[in-house]
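Subject: Structure handover

Hello,

Here is the structure for you to look over. My notes follow below it.

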Amino acid sequence: MGTEYAAPRGTRDILPGETEKWRFVEEQVHRTCADFGYAEVRTPLFEHSELFGRLGEATDLVQKEMYSFDDRGGRGLTLRPEGTAPVARAYLQHHMDAWPQPVKLYYISPMFRYERPQAGRYRQHHQFGAEALGTLDPAIDAEVIMLAVEFYRRVGLSDLSLELNSIGCPACRPGYREELSRHFAPHLDRMCGDCQVRFERNVLRMLDCKQPECREVSAGAPRSTDHLCPECRRHLDELILYLEAAGLNWRLNPRLVRGIDYYTKTVFEVSAAVLGADRALGGGGRYDGLIAELGGPDTPAVGFGLGLDRLLIVLEEGGLLLPVGQGVEAFLACAGEGAHAAAFKLLMELRRAGVAADMDFTQRSLKAQMKAADHMRARYVVIVGQDELARGKVILREMSGGGQSELEVHELVPRLVGLARKSLRDGSEGK
Ligand code: AMP
């Protein structure tokens with residue numbers, strides 16, 4: 001097949017066998033958010049490009065990674081590279097400041113970034129994000145962090161590292177920036193090209209550089225936590241009190257900054273022990289200035305975005321994913337004249353009764369049908385045979401070595417409904 005018909009570079013198909021795992025993870029997102037009082041929001045996959053331009057002129061995301069295009073009406077649009085700006089836009093557009101505060105929202109959505117594809121890095125990836133808008137209380141920062149941690153616990157990942165920092169606010173950050181510039185200026189000539197640009201545009205991002213030379217220089221850089229104004233200091237101290245009350249293990253990393261400009265005060269990042277340093281699972285922070293920057297009232301807010309593709313890789317590598325995919329309850333195997341139509345009628349009755357069932361659609365031999373049933377992990381096979389049908393009967397066979405019995409055609413559906421209920425009960429007792 002020509003590559004022109006392969007999925008575009010950096011994207012992939014999620015196939016049966018995989019989709020079940022995704023659904024398991026998504027289910028945990030919905031349940032955890034329900035327990036934490038977060039409601040789902042769905043915003044469009046594309047927005048006016050200006051919205052994302054607000055994420056920071058000097059960020060890689062805006063400079064190099066956006067999928068932007070003009071539509072046929074000449075409007076500049078961009079496929080969403082992240083979820084916070086659209087949610088902030090929706091908050092404003094729907095006057096959510098008039099709702100009881102904080103407004104607590106979450107989403108699961110694909111994100112699009114023109115990045116160099118590699119393991120765990122795609123051009124379309126998927127995030128679970130949550131945002132709590134409308135309060136400056138540090139308790140909500142703690143709640144948002146605990147929501148992420150609880151979600152990871154529920155999917156089976158407890159071996160997490162949580163790094164925390166405060167990057168200050170418009171009152172204290174300019175002073176810290178100056179300190180950083182003073183620190184980096186004498187070393188600029190041995191730092192990478194990106195850092196030379198960052199020095200001019202956003203010196204904080206220099207702390208995030210992964211180049212060994214640059215890391216060496218930033219190792220001795222001033223710490224943001226030593227330059228916080230009293231308000232930011234208090235916010236961080238209180239947040240820590242809440243996290244300790246919740247029994248969370250965390251680590252202060254005064255060099256932690258995030259890739260987008262809108263963050264203020266709290267920033268955090270979660271990684272799994274099995275991932276390398278540059279492969280964070282997710283992160284977030286406070287963005288008290290974003291909504292005002294979009295033209296709205298001053299609205300403090302905090303949130304996160306967690307990468308689901310990487311989470312699935314980690315779960316897979318750690319052997320933490322339970323085998324999923326139930327298989328069907330019953331497979332109807334047909335033999336002889338008139339059997340297919342009779343089986344089809346029974347199949348529809350079973351499905352209407354909520355019993356997962358399937359049958360042969362290829363006119364195979366009975367032997368091949370038994371194989372297919374096995375492949376589908378059917379618990380029971382119903383043999384719908386011409387001879388039995390003539391006597392108003394079908395054969396019910398248990399696949400896992402159990403016996404078989406003949407029963408009246410009209411008994412089949414109630415019998416399988418009962419058996420399906422029983423296996424559901426036994427299954428849930430076994431857990
Ligand atoms: P960010 O919005 O950059 O903070 O990303 C949040 C999380 O999304 C990251 O920690 C990753 O787990 C995930 N992520 C970001 N970009 C990609 C990508 N290109 N491919 C896969 N996952 C990504």
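In which strand does threonine 264 lie? Threonine 264 is part of strand S9. Keep in mind throughout that this is a predicted model.

Threonine 264 has a relative accessibility of 7%. Buried means under 20%, so threonine 264 counts as buried.

**The ligand site**

The shell around the ligand has 14 residues. The closest are Arg113, Glu115, Tyr122, Arg258 and Leu281. By type, the shell divides into three nonpolar, six polar and five charged residues. Two strands each supply at least two residues of the shell: S6 (124-133) and S11 (301-307).

- Tyrosine 122: a polar backbone atom is 2.8 Å from a nitrogen atom of the ligand.
- Arginine 258: an N or O atom in the side chain is 2.5 Å from an oxygen atom of the ligand.
- Leucine 281: a polar backbone atom is 2.8 Å from an oxygen atom of the ligand.

Taken alone, the ligand exposes 480 Å². The protein buries 88% of that area.

**Salt bridges**

How many salt bridges does the structure hold? The count is 32. Side chains of opposite charge can pair when their charged atoms come close.

Start with aspartate 141 and arginine 286. They form a salt bridge, with the closest N and O atoms 2.6 Å apart. This pair links distant parts of the chain. Aspartate 141 sits in helix H5 (residues 138-155), arginine 286 in strand S10 (residues 282-286), and 145 residues separate them. Are the two partners buried or exposed? Aspartate 141 is buried, at a relative accessible area of 0%. Arginine 286 is buried too, at 0% relative accessibility.

Next, glutamate 231 and lysine 265. Their salt bridge has its closest N and O atoms 3.3 Å apart. Glutamate 231 is partly exposed, at 31% relative accessibility, whereas lysine 265 is buried, with a relative accessible area of 5%.

Last, arginine 233 and aspartate 237. Their side chains meet in a salt bridge of 3.1 Å, N to O. Both belong to helix H9, and they are four residues apart, so about one helical turn separates them. Arginine 233 counts as partly exposed, at 30% relative accessibility. Aspartate 237 counts as partly exposed, at 36%. Elsewhere, salt bridges that share partners join Asp35, Glu150, Arg153 and Arg154 into one network.

**Leucine 79**

Leucine 79 is in strand S4 (residues 76-79). Not counting residues up to four places away in sequence, leucine 79 touches Leu45, Phe46, Tyr67, Phe69 and Phe112. Phenylalanine 24 is 55 residues from leucine 79 along the chain, and their C-alpha atoms are separated by 26 Å.

**Backbone points to check**

Where is the cis peptide bond that involves proline 102? This bond joins glutamine 101 and proline 102, with omega at about -5 degrees. Proline 102 is in the loop between helix H4 (84-93) and strand S5 (103-112).

Histidine 95 lies in the loop between H4 and S5. Histidine 95 is not a glycine, yet has a positive phi of about 50 degrees. At 55% relative accessibility, histidine 95 counts as exposed.

Glutamine 363 is not a glycine either, and has a positive phi of about 55 degrees. Glutamine 363 is placed in the loop between strand S13 (357-359) and helix H13 (366-375). Its relative accessibility is 61%, and glutamine 363 counts as exposed.

Best wishes

Note on methods: Residues numbered from 1 in each chain as written. Predicted model: local features only at pLDDT ≥ 70, side-chain atom pairs only at ≥ 80, totals over all residues. Heavy atoms only, no water. Contact = heavy atoms within 4.5 Å. Near = heavy atom within 4 Å. Polar contact = N/O pair within 3.5 Å; in protein donor to acceptor, adjacent residues only side chain to side chain. Areas by Shrake-Rupley, 256 points an atom, 1.4 Å probe, with all protein chains shown as cover. Nonpolar A, V, L, I, M, F, W, Y, C, P; charged D, E, K, R; others polar. Salt bridge = Lys/Arg side-chain N within 4 Å of Asp/Glu carboxyl O. Buried < 20%, exposed > 50% of the residue type's maximum accessible area, 1.4 Å probe, protein only.
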